[in-house]
Amino acid sequence: MSSSAVLLQFLNGLAGASSLFLVAAGLSLIFGVSRIVNFAHGSLYMLGMYLAVWLSARVGFWASVPLAAGVVAVAGLVIEVFLLRRIYRAPELLQLLATFALVLVIKDFALWAWGPEDVLGPRAPGLASAVTIAGRQFPQYDLFLIVLGPAVFVALHVLLRHTRFGILIRAATEDREMAGALGVNQRLLFTMVFALGAALAGLGGALAIPREPANLEIDLALVSDAFVVVVVGGMGSIPGAFLAALLIGEIKAFCIGLGYSEVTLVAEFIVMAVVLVLRPWGLLGRPLAEARGVTPTGDFQAASRNPLLIALVALTIVPLLSDGYALVLLTDVLVFALFAVSLHLLLGPGGMVSFGHAAYFGLGAYAAALLFLRWQLPMELALLAAPLAAAAGAALFGWFCVRLSGIYLAMLTLAFAQIVWSIAFQWDALTGGSNGLVGIWPAPWLASRTAYYFVALALCAGAIACLWRISASPFGYALRGSRDSPLRAGAIGIDVRAQQWTAFIVAGSFAGLAGALFAFSKGSISPETLSVPRSVDALVMVLLGGVQTLTGPVLGAALFTWLEDAVSREIAYWRAAIGAVILLLVLAFPQGIGGFFRQKLTRWSR
Amino acid sequence: MILKPLFFITFILLTAPAFGQTIKIGELNSYKVFAAFLEPYKKGMDLALEEINTGGGVLGRKLELVVRDDGGTPGDAVRVAEELIARERVNVLMGTFASHVGLAVANLAAQRKVLFVASEPLTDKIVWENGNRYTFRLRPSTYMQTAMLVPEAAKLKKKRWAIVYPNYEYGQSATASFKKLLKQAQPDAEFVAEQAPALGKIDAGAVVQALAEAKPDAIFSSLFAADLQKFVREGNTRGLFRNTVVFNLLAGEPEYLDTLKDETPEGWWVTGYPWSEINTPEHKAFRDAYQKRWKDYPRQGSVVGYTAVYAVAEAFKKAKSVETEKLVEALKGLKMQTPFGPIEWRALDHQSTMGAYVGQLARKGGKGEMVNWRYADGTKVQPSDGEIRALRKE
């Protein structure tokens with residue numbers, strides 16, 4: 001690269017960093033104060049884009065920007081007051097489920113309101129053309145962004161450092177119970193911070209329209225970028241977010257400039273993994289204050305045995321009634337139930353949130369496929385050996401992950417999952433690249449739907465029972481002790497990290513078994529088995545069912561899979577419908593369905 | 001506890017398929033994920049279905065479309081296809097958009113021995129490396145569309161070529177085919193830069209900059225949708241296209257072209273569908289009927305959906321049966337009429353010879369359109385039969 005090329009790519013990186021920072025800042029504020037992992041942040045950004053395109057045809061681009069940001073702020077306000085406020089008291093992570101539902105609803109809303117086609121906004125009047133820098137053309141608008149990013153940063157800095165509102169935000173970020181005890185009106189503060197964060201997302205979206213079309217895919221793509229920036233910078237730290245945005249923006253620009261454009265597929269996740277391994281709280285973050293007064297998750301009473309046995313018997317006789325689709329659907333349910341229960345071991349007893357559980361599911365699926373196709377192992381052996389690959393992956397990633405905690409741990413699991421995903425996506429010769437692998441069918445004697453159903457039933461039921469048993473074993477208790485009070489657990493001689501690491505390996509192996517079963521039930525696999533949506537699905541299943549019960553994840557998996565199947569058949573806007581159902585369930589059963597049933601049962605048995 | 005089984009039985013009775021009345025086509029597609037392409041596609045299908053059923057259906061029975069959303073992932077698509085096969089008892093599967101989803105369903109079709117007419121996926125593999133007895137594909141493949149552009153590309157005698165493609169199988173194989181075919185036609189061509197941004201996440205400013213640094217005479221691109229729009233706008237602003245010719249797959253399809261509006265770059269060579277200008281009798285008839293029915297103009301997807309339904313209907317007619325094996329034999333070598341003219345379903349690799357239009361982009365009244373176009377027949381853009389047999393391992 002010539003020196004002028006370097007300069008230009010540097011400027012490109014700055015422009016990219018500015019837009020990243022705008023979105024990340026809002027997300028960071030919201031998390032800092034309310035501890036909400038706001039999945040819908042990208043959707044708010046998308047809403048800002050569509051609104052700005054729509055408004056700029058009416059009032060012009062420059063007027064549309066503040067208007068769009070304002071409308072999105074109001075949307076944020078409504079979301080906080082009518083939804084999130086009702087569930088702050090619910091178990092942590094339920095807010096995550098609620099914002100996930102919002103993603104689905106907002107996506108379908110945008111589809112309904114603005115149609116399926118991408119809409120390219122206008123160029124910014126007055127900044128529509130390019131200036132010559134070092135003999136090359138550089139867009140005026142990008143220069144404007146380069147200035148705007150730091151300007152917003154300074155404005156936020158002043159707001160946080162020198163206003164009363166800012167002091168309250170910082171106080172709540174540092175210790176929200178203490179701030180509450182000192183008489184800060186938390187409800188108002190949360191609402192205002194959420195609206196401010198939403199406004200920043202809307203602003204980011206509106207400012208993006210001269211550079212990219214408003215489209216329906218932007219929401220999830222963006223929210224993962226924003227999360228990476230926030231976590232790399234340190235949750236709740238605005239200067240950190242700024243620094244991280246710069247770092248990631250420049251790295252991406254220079255990957256492209258130097259001809260390694262393929263790396264942009266995972267560049268930010270590699271950066272995140274490296275940063276988190278070296279600095280467990282991000283670049284400028286500080287350890288999160290322990291949230292006090294969190295109710296212990298309680299012990300997982302073994303669900304009474306009889307209903308479970310009845311369910312098992314019922315599942316065994318299904319093939320007598322049907323040899324068709326019911327078996328296909330139930331096989332999916334079983335596989336996902338095992339996947340969800342394996343995640344629950346980390347999430348429930350382990351107290352470790354994983355955003356990247358699909359890594360082990362996918363490793364199992366790919367291992368099964370590769371053993372079967374490339375090494376010509378018999379299908380039965382491939383199926384049983386596959387979990388070992390997932391266990392190996394979990395051992396490697398888990399070793400790093402258990403050194404972190406909270407959201408940082410979650411994001412590191414995501415980073416590893418994305419890295420595995422990108423390898424599967426890119427390594428054409430081995431994994432078949434983006435198309436994946438086909439022709440992974442069970443051995444002839446297991447090939448019929450009925451036979452394979454029995455295989456899935458036996459393995460999944462056995463594995464789930466095994467996982468439940470593990471939760472109730474001494475190891476399970478040590479794990480829970482490590483979750484509830486790492487200090488005390490350490491003091492009585494429990495090696496906390498070893499417990500957590502073991503939990504990773506166990507959970508990973510069982511997820512791998514689910515993945516292998518999945519591969520042989522579908523006959524083909526693709527990188528989608530390793531993707532973020534797959535991880536999110538598992539989280540949704542566990543949360544829907546209830547983290548605090550053992551049977552919850554199974555119920556959640558059954559409900560979610562059935563919903564997807566039934567609703568997508570009957571309703572055109574099925575994503576919004578699923579989102580709406582989840583929202584209703586969240587509001588009606590904050591303990592999850594499993595928790596709800598358990599409450600009923602205990603009350604009844606008294 | 002007694003209620004539950006009762007409920008279950010009622011449910012089964014209610015949903016039990018009605019027998020014998022209609023011939024069912026099980027159509028699955030990613031309607032929500034690729035809505036821009038698939039809404040017109042669905043309109044095309046519905047039009048064809050109405051025409052066929054008004055004309056008395058096929059084999060004396062009415063055709064019925066059972067439409068499902070496949071969620072855009074192979075795993076869900078396979079489950080949905082199983083539902084169509086097992087519960088709906090459809091006579092043929094049809095549809096899919098993304099290549100990996102198409103391949104997964106094709107793979108299932110071979111396992112369950114059901115005919116699958118893949119209408120849209122572009123991957124070469126679905127009829128070549130992973131081709132199977134039960135899978136046929138309608139649209140011209142990535143290879144075919146690339147080959148269509150090569151004659152014009154070679155004619156220009158440009159030496160320095162830069163390439164940009166979305167980083168997944170479609171972009172990769174378009175790039176590989178283009179390099180191979182151009183080298184054959186013009187051995188002195190050089191490839192001076194290659195950019196492979198992630199699908200849907202192109203960092204257009206940096207990519208345009210990097211391409212410009214390589215000082216290419218010409219660019220081959222397989223970008224589409226949002227990536228294409230970002231690339232075009234940045235390229236226009238930064239003057240990348242001032243002295244370079246660009247060849248871009250698919251960019252002439254109304255789905256992608258219409259979104260560019262006054263950004264439409266003049267002079268690009270593209271494959272696409274100049275719907276307003278094709279005045280052959282078969283296309284005029286289709287266009288008039290479509291506009292009358294939907295009060296909207298046809299897109300590329302409309303033609304694909306329309307033709308796919310007709311192809312299945314023709315297969316039933318030729319087979320005089322709804323049995324899979326007979327249908328497979330009937331589709332092999334089936335000749336039929338389409339809005340793009342006559343096509344044949346090649347017995348060799350189950351690929352239809354439907355072509356596409358090759359032309360140049362122009363701006364007219366703030367909108368993009370195709371000029372200097374010609375129809376590139378799908379029969380003429382194929383590798384040799386021997387190569388295909390080797391790929392299909394036959």
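Reader: Which side chains meet in a salt bridge at 3.6 Å, N to O?

Author: Side chains of opposite charge can pair when their charged atoms come close. In this predicted model, the side chains of R299(B) and E117(A) form such a pair at 3.6 Å, N to O, a salt bridge being a side-chain nitrogen of Lys or Arg within 4 Å of a carboxyl oxygen of Asp or Glu. R299(B) lies in the loop between α10 (281-294) and α11 (300-319) of chain B, and E117(A) in the loop between α4 (94-114) and β1 (130-133) of chain A.

Reader: What conventions apply to the numbering and to the model?

Author: Residues are numbered from 1 along each chain as its sequence is written, and chains are lettered from A in the order in which they are written. Local features of this predicted model need pLDDT of at least 70, side-chain atom pairs count only at pLDDT 80 or more, and totals for chains, interfaces and linings use all residues, while side-chain values use heavy atoms, with hydrogens and water left out.

Reader: How much area do chain A and chain B bury between them?

Author: The size of an interface is often given as the accessible area lost when the parts come together. Here about 5,700 Å² is buried, 50% of it on carbon and sulfur atoms; the area is computed with a 1.4 Å probe and summed over both parts. The contact (heavy atoms within 4.5 Å) takes 72 residues from chain A and 61 residues from chain B.

Reader: Which strand of chain B pairs with strand β13 (residues 356-364), and in which sense, parallel or antiparallel?

Author: Two strands pair if DSSP finds at least two bridges between them, and strands are DSSP runs (E, at least two residues) numbered from the N terminus. Strand β14 (residues 367-376) of chain B pairs with β13(B) in the antiparallel sense over 8 bridges. Q360(B) stands opposite V371(B) in β14(B). The hairpin has 2 residues between the strands, and G365(B) takes a positive phi near 55°.

Note on methods
Buried area is the accessible area (1.4 Å probe) that two parts lose on being put together, summed over both. Helices (H or I, at least four residues) and strands (E, at least two) are DSSP runs, numbered from the N terminus.
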